[in-house]
Amino acid sequence: MTDSLVSEAVGFEQFVADRGRGLLRAAWLLTGDHHHAEDLVQTALAKTWGRYASMGNDHKFEAYVRTTIYRTYVSWWRRMSWRAEQPHGDVPDKEGETSVDALRVDLLRALDTLPRMQRAVLTLRFFDDLSTSEVARVLAIPEGTVKSHSHRGCAALRGSVHLAGQEVTP
């Protein structure tokens, strides 16, 4: 390997070490399953590896990888084979769980009941703090569709049995 390829590989490995946890968190919020989230991040990193050196800095590359994660998620969502797989089992309750932890678990359960596109939109809007236009660009859908999914997703969360009686502000 040439020196430039070695330095590119080292830079990419450092990028994954520095930002991999945040990418995995975003993927987990989308999929609701740790194994699917890992698959999603690995797929996105494999797709984007060739562009690492040309991006110029890690912030631009991270945005590129996150866009790839969301687009890959939507692509997987559209395929019937992946949609048929559903994680199952309830999250066990822990003794001494604080009310914040309980709310977090309830919110994750409620998010898991949403259609995947609504979950993707809400995750991008309220967890990744993107604007409506940025979400539309990332998911390659019209802004009106983003607003519609956001509105319906929030309404579904407000009416969720997992969040009954709890104040949730996404």
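Visitor: Which residues of α8 are buried?
Guide: In this predicted model, Thr-132, Val-135, Ala-136, Val-138 and Leu-139 are the buried ones in α8.

Visitor: What puts them on the same side of α8?
Guide: The arc. They cover only 165 degrees around the axis, so they lie on the same side of α8.

Visitor: What happens just after α8?
Guide: Ala-140 takes a positive phi there, of about 55 degrees.

Visitor: What about α9: which of its residues are buried?
Guide: Val-146, His-149, Ser-150, Gly-153, Cys-154 and Leu-157. Their arc around the axis is only 125 degrees, which puts them on the same side of α9.

Visitor: Which exposed residues does the face turned away carry?
Guide: Lys-147, His-151, Arg-152 and Arg-158. Exposed here means over 50% relative accessible area.

Visitor: How does the reach of α9 compare with the expected value?
Guide: α9 spans residues 143–158, 16 residues in all. From first C-alpha to last it reaches 22 Å, close to the 22 Å expected at 1.5 Å a residue.

Visitor: Why is the pair of Phe-15 and Phe-61 called edge-to-face?
Guide: Two values decide. The ring centres are 4.9 Å apart, and a pair needs them within 6.5 Å. The planes stand at 70 degrees, and the edge-to-face class begins over 60. So the pair of Phe-15 and Phe-61 is edge-to-face.

Visitor: What makes this pair tie together parts 46 residues apart in sequence?
Guide: Phe-15 lies in helix α1 and Phe-61 in helix α4, so the pair joins parts with that separation. Both residues are buried.

Visitor: Why is the pair of Phe-61 and Tyr-64 called tilted?
Guide: The centres are 6.4 Å apart, within the 6.5 Å limit. The planes are at 40 degrees. Stacked needs under 30 and edge-to-face over 60.

Visitor: Where do Phe-61 and Tyr-64 lie?
Guide: Both are in helix α4, three residues apart, about one turn of the helix. An α-helix has 3.6 residues a turn, so residues three or four places apart point the same way.

Visitor: How do you know whether Phe-61 is buried or exposed?
Guide: Its relative accessibility is 0%. Buried means under 20%. So Phe-61 counts as buried.

Visitor: And what does Tyr-64 count as?
Guide: Partly exposed, because its relative accessibility is 27%. That value falls between the 20% and 50% cut-offs.

Visitor: Which aromatic cluster do these residues belong to?
Guide: Phe-12, Phe-15, Trp-49, Tyr-52, Phe-61 and Tyr-64 form one cluster. The structure holds seven aromatic pairs.

Visitor: Which residue lies over the face of Tyr-64?
Guide: Arg-51, at 5.2 Å from the ring centre. The limit is 6 Å. Elsewhere, Arg-125 lies over the face of Phe-126, at 5.3 Å from the ring centre.

Visitor: What makes Thr-68 count as buried?
Guide: Thr-68 is found in helix α4. Its relative accessibility is 13%, and the cut-off is under 20%. So Thr-68 counts as buried. Beyond its neighbours within four places in sequence, Thr-68 is in contact with Ala-44, Lys-47 and Thr-48.

Visitor: Which residues have the most contacts inside the largest nonpolar core?
Guide: Val-65, Ile-69 and Leu-139, in a core of 30 residues. Elements giving two or more residues to this core include α1, α2 and α8. α4 gives the most, with seven residues.

Visitor: What is Ile-69 in contact with, leaving aside its neighbours within four places in sequence?
Guide: Leu-23, Ala-27, Leu-30, Leu-40, Val-41 and Ala-44. Apart from this core lies another, of eight residues, among them Leu-107, Ala-110, Leu-114 and Leu-163.

Visitor: Why is Leu-30 called buried?
Guide: Leu-30 sits in helix α1. Its relative accessible area is 0%, against a cut-off of under 20%. So Leu-30 is buried.

Visitor: How far is the C-alpha of Leu-30 from that of Arg-119?
Guide: The two are separated by 6.3 Å, though 89 residues apart along the chain. Arg-119 is also one of the contacts of Leu-30, along with Tyr-70, Tyr-73 and others.

Technical notes. Residues are numbered from 1 along each chain as its sequence is written. This is a predicted model: local features need pLDDT of at least 70, side-chain atom pairs count only at pLDDT 80 or more; totals for chains, interfaces and linings use all residues. Side-chain values use heavy atoms; hydrogens and water are left out. Helices (H or I, at least four residues) and strands (E, at least two) are DSSP runs, numbered from the N terminus. The expected span of a helix is 1.5 Å times one less than its number of residues. Buried means under 20% relative accessible area, exposed over 50%, partly exposed in between (1.4 Å probe, protein chains only). The arc is that of the directions from the helix axis to the C-beta atoms. A nonpolar core is a set of buried Ala, Val, Leu, Ile, Met, Phe, Trp, Tyr and Cys residues joined through side-chain atoms within 4.5 Å. Contact means heavy atoms within 4.5 Å. Rings of Phe, Tyr and Trp (its six-membered ring) pair if their centres lie within 6.5 Å; planes under 30 degrees apart count as stacked, over 60 as edge-to-face and the rest as tilted. A charge sits over a ring if NZ of Lys or CZ of Arg is within 6 Å of the ring centre and within 35 degrees of the ring normal.
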